[in-house]
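Visitor: Please take one residue of this protein and go through its surroundings in detail. I would like the whole fold first, briefly, and then the residue itself.

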Amino acid sequence: MDNSNWRPAQAEAPTMDAGDWRSHLQSDSRQRIVNKIMDTLRKHLPFSGQEGLHELKKIAVRFEEKIYTAATSQSDYLRKISLKMLTMETKSQNTIANSLPSNSAGNGKNPSDPGIE
């Protein structure tokens, strides 16, 4: 039997391994991840009605597919998605903090010093 046919494929093992992790990830797991992405998007992006919700769903699916395709392993896939969601949460919190009126932070700083002005 000629064993030379499998050697070039073996040289491409990283590509095969990258595809292999995807075969172990069940489609319902990917759907749960898309749903988590949707939850995050709903919290942080404005949308209205069913059409807006449909657009958020399309964004979530495209984002998940992009990460799924680019990831080198399941842990890389989960890490990239988690980092992006964390970044979105952090940016949203910073936006809220920065949108507070500047004097409201000053008024709250020294409630025990009413005589100092």
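Guide: The model is a predicted one. Its secondary structure consists of 6 helices and 0 strands, so the order from the N terminus is simply α-α-α-α-α-α. The protein has 117 residues, of which 21% count as buried. It exposes about 9000 Å², and carbon and sulfur atoms supply 55% of that area. As for contacts between residues at least 6 apart in sequence, 58% of them join residues at least 24 apart.

Arginine 22 is buried, yet it has no salt bridge. The nearest side chain of opposite charge is that of aspartate 76, at 7.4 Å. A salt bridge would require a side-chain nitrogen within 4 Å of a carboxyl oxygen, and therefore aspartate 76 at 7.4 Å does not provide one for arginine 22.

What the side chain of arginine 22 does reach is backbone oxygen. One such atom is the backbone oxygen of tyrosine 68, at 2.8 Å. Another is the backbone oxygen of threonine 69, also at 2.8 Å. To sum up, arginine 22 is buried without a salt bridge, and its side chain reaches the backbone oxygens of tyrosine 68 and threonine 69.

Technical notes
Residues numbered from 1 in each chain as written. Predicted model: local features only at pLDDT ≥ 70, side-chain atom pairs only at ≥ 80, totals over all residues. Heavy atoms only, no water. Helix = DSSP H or I, 4+ residues; strand = E, 2+ residues; numbered from the N terminus. Buried < 20%, exposed > 50% of the residue type's maximum accessible area, 1.4 Å probe, protein only. Contact = heavy atoms within 4.5 Å. Areas by Shrake-Rupley, 256 points an atom, 1.4 Å probe, with all protein chains shown as cover. Lys, Arg positive; Asp, Glu negative; His and termini not counted. Polar contact = N/O pair within 3.5 Å; in protein donor to acceptor, adjacent residues only side chain to side chain.
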